Structure formats: structure tokens, C-alpha cells
Amino acid sequence: MDQEYERRLLRQINHQNLPTEGRLTKCLSATCSPVSVKSGDRFIPTRAGSNWSINFHYANENCRSPSQNHKAKDASSDSSKDAVAYAALLRNELLGAGIETVPDPHTDDRRHAVLSQDSHNLYVDRFLPFDSDNEVSPYSLSPLSNKSHKLLRSPRKPARKISKIPFKVLDAPELQDDFYLNLVDWSAGNLLSVGLGACVYLWSACTSQVTRLCDLSVDGDSVTSVCWNERVRLPEPTPRLVAVGTHKGYVQIWDAAGGRKLTSLEGHSARVGALAWNGEQLSSGSRDRVILQRDVRTPPSAERRLQGHRQEVCGLKWSPDHQHLASGGNDNKLLVWNSSSLLPVQQYSDHLAAVKAIAWSPHQHGLLASGGGTADRCLRFWNTLTGQALQSTDTGSQVCNLAWSKHANELVSTHGYSQNQILVWKYPSLTQVAKLTGHSYRVLYLAVSPDGEAIVTGAGDETLRFWNVFSKTRCTKESKSVLNLFTRIR
């Protein structure tokens, strides 16, 4: 081959292999300097400005497809924990991250990764003359650092497994498929109240005995809501009062132990679909767009009328400190009321559909969760102390009910159109811990057992299904903020 032709060919190949930045640098140097630069047969790239920690993070994220990333994020098996441990081990050995414990794959907490990227640099940490923390015994045959040894010796939490099969299924004939009703509630005495057509039935979780509490067909009425009063009246060891809302707008108070009706409250002109007790006070929401608050110990004339919704009120929940009432309506509004004002103190209008699913967090003061209907499908969280929206996620289907775990910072949501599923979420990362299916209709009804471990769900398929979804262990992380007045006594 002609030597001149071979020289030009090699020059052209080297020029094509140069990155854009190298070509630009070469062109600038050629124009600014009269000395010609001869191209060799090799190209040695410069990596002086590379950020190895960021490249390492991107390599782990980009090597998987989005669907694989989603599965890895939600995985709860031992293999996912092994992958997290291996990634932490590589960070220690290659980047000097200094990770000593295996992160929980369920928590989407990026703070540690951000801190390690910001506070550690490859060219500073790895080339220090001496570091006592990373000192390895001269007699050790392991190539790993002390941090990595601590990482491998760190205790591993056992994988939490949630059964995807209900441990009990009960038939519930005439359980209505109506999004705006609340027909299932579980008392602290382990009694489940269910509204079926015109009757209310009580099922004992201890003895599996079923009793009929009331029958409204005599008056041509039907049950639209049920709610237990959790306050214990001595000498009875368990709650015994249950409120029943009817289609004609009445609110009946029944003695569950004696099986007799104590009183019937009037005031609503349409069906009562939502009930919430606050001590001896009972709040009721109706299709007439009014919320009534009444003390069952006083005459019926002593009532408070809360008017803020423009359509049917379908969700009511009192906060754990008994100071605020949250109400959701078919007007896509979420309102927060206090015990003294007749006007809402806060109003949230971010939902695009009816707000029935409402739940106050028992772990964080002022944290409120809500879910929207078919046109919204979003799960949203609010800080009612400041009135700010915190987080939101699209669940992909109609949100029918919400309930927080009593022991851990988790919550469960039930869904309707179009997946009819039950989802367990971890807060605040909002990662899905479990997905349960089995109902063939919308999962409209939800209640939590007294011990906080099991839930019961009801749907238009006329079945009640019992699931073990929450753990027994109580969350040890408590708020230490001095602004939280409800965590300590001074």
C-alpha cells in the first residue's frame, strides 16, 4: 500500500474517532497556534473532569428498562435486598461512600445517596494519605475495607410477606354497589357492622356469630351508612353504640348490646351517606349538602349546621386529636372544619372528582390523606397545619377508601374502576408494598380490625373479604419536634 495513502487513511480514522469536544479543541488550537499538530495512531481520552459517583448512579439506573426499574423499586424479595447490598458494596469500594448498613429497598429515601455524592469525591477520598476509618488489618486477606465488612455484617430485616389471598370470605347479599355509601365498620369490641339492604347485621370476629340489629323495611327505608362509637361506657368493657344513617334522612342510634333503638334524629332532607363520631358528638353528611353535628346527650334541637359543599357529602373523618373534621363531597372539594366555626378553615380543590376516601394519619399530627374518584384517580396528602399540599400520586383507578396502619407509617387504599384492587403504600416514599385482587366489583367499603393487623373489604359482588396486610410491630420512630404539642406532656 502506498505510504502516503496509508498515512491519510489513518489520519481520517483518527479524526472520526475523536469526540466532538476533541475536534473543537483541535480546531481551536489549529487556528490559534501556527504550529501544526500531527495526529498519531492512538487516541487517549481525558477523564479528569468525570464525576464517577454520578456515572455509577446512572449506570445502575440506565441498565434497566423503566418497567424493570419499577419492579425493582417495588420488590420485597430477598433478591432485591441482595441487589441493594451489592450496590452499596460497590459504592464503598469504588467511591468510598462509607455505607455501613443495607438500605431498605422499600424506602425511596435518596438523602444518603445525595449526601454521599456531595460530600465524597473520588480524587479526594481515595487518595488521602491516611484514613483510620478505612484502615484494614495487615493480617487480613480480604480485599474489602472496614466499612464494607460492617456493611456485610449489618443485621438484615426479614422479608415481609403479605398474603395475596384473603383468610376469610363472607357472603353479603344485598350489599349495594353505590360509591357514596359507607356500609361497613369494625368496632373496638371486634364486632363488624354491615348494612345489607334494609337491615344492619353484626358479625363477631371472635365467635363468627351473626345477629340482626335492625330492620328498616317496616318503615319503607334502607340503610345508607353505619358507624361505631368507639367511646367505652362503664361498666361495659366494649363500645355498644352504633349510628345508622337511612335513605330517608334519619340517623338512628342503636344499643348493640341490648339490640334496641335509643333515638332517631331528624334534620336531613335526603339520604345520610357519611357518619363520624367525636366522643358523644355525631357528625352526619347527607345528599342535601349539609353536615349536622349533634350531641346525643342533648335535645335534638341543639345542633350545628355546617354548609360548605355544593353537592352530596360522601366522606367524613375526625382527626385523632378530636379538633378538626375533614369532609369530602361530590363537588370535588375537601374541607377542614374546627369545633368552633361554622365555616371551613381550609379548603382544597385539587381533586378532579368526588372525594370520598379520607384518612387522618395517627403518626404525624395534621397529616391528611384523600383520594379522588374516576376522573381524578389521585392519592393526595395535605399538611393541615400549614394548608400546603405535600405529595400526590396517580393510582390508575378510582379511589374508594383509605385507612392508615395503626403501627407503621403505611396506608391501604381500595379502588374501583377499572382495576378493583387493594393497594398497600409506604409513606412518605409512596412505594407499593402489596397489590391485592379478588373482588370482581368496585371495592367500595373498608374497615380496619381493632388490633390494626387485618382489614375487611366489601364490594358490589356481595362478598366481604378479610386480609392480613399490616404488621404487628409498632413504629418506633416518633416525632421529636417541639412544635408537636400532642406527643408529650409538659
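User: What percentage of the accessible surface of the protein belongs to carbon and sulfur atoms?

Analyst: This is a predicted model, in which local features need pLDDT of at least 70 and side-chain atom pairs count only at pLDDT 80 or more, while totals for chains, interfaces and linings use all residues. Residues are numbered from 1 along each chain as its sequence is written, and side-chain values use heavy atoms, with hydrogens and water left out. The accessible surface, computed by the Shrake-Rupley method with a 1.4 Å probe, comes to about 26,700 Å². The share of carbon and sulfur atoms in this surface is 52%.

User: How many helices and strands does the protein have?

Analyst: Both are DSSP runs numbered from the N terminus: helices are H or I with at least four residues, and strands are E with at least two. Counted in this way, the secondary structure comes to eight helices and 28 strands.

User: Which strands stand at the edges of the open sheet of four strands?

Analyst: Two strands pair if DSSP finds at least two bridges between them. The order of the sheet is β1-β28-β27-β26, with antiparallel pairing. Each edge strand has a single partner, so one side of it is left without a neighbour in the sheet. The edge strands are β1 (168-171) and β26.

User: Which residue in β28 stands opposite T457?

Analyst: Strand β27 covers residues 454-459 and is joined to β28 by five bridges, the two running antiparallel. The residue in β28 opposite T457 is R465.

User: Where does UniProt place the feature "repeat: WD"?

Analyst: The record is an unreviewed entry, and such annotations may be inferred rather than shown by experiment. In the model, residues 306-338 are 0% helix and 58% strand, and residues 436-469 are 0% helix and 59% strand. UniProt places the feature at residues 306-338 and 436-469.
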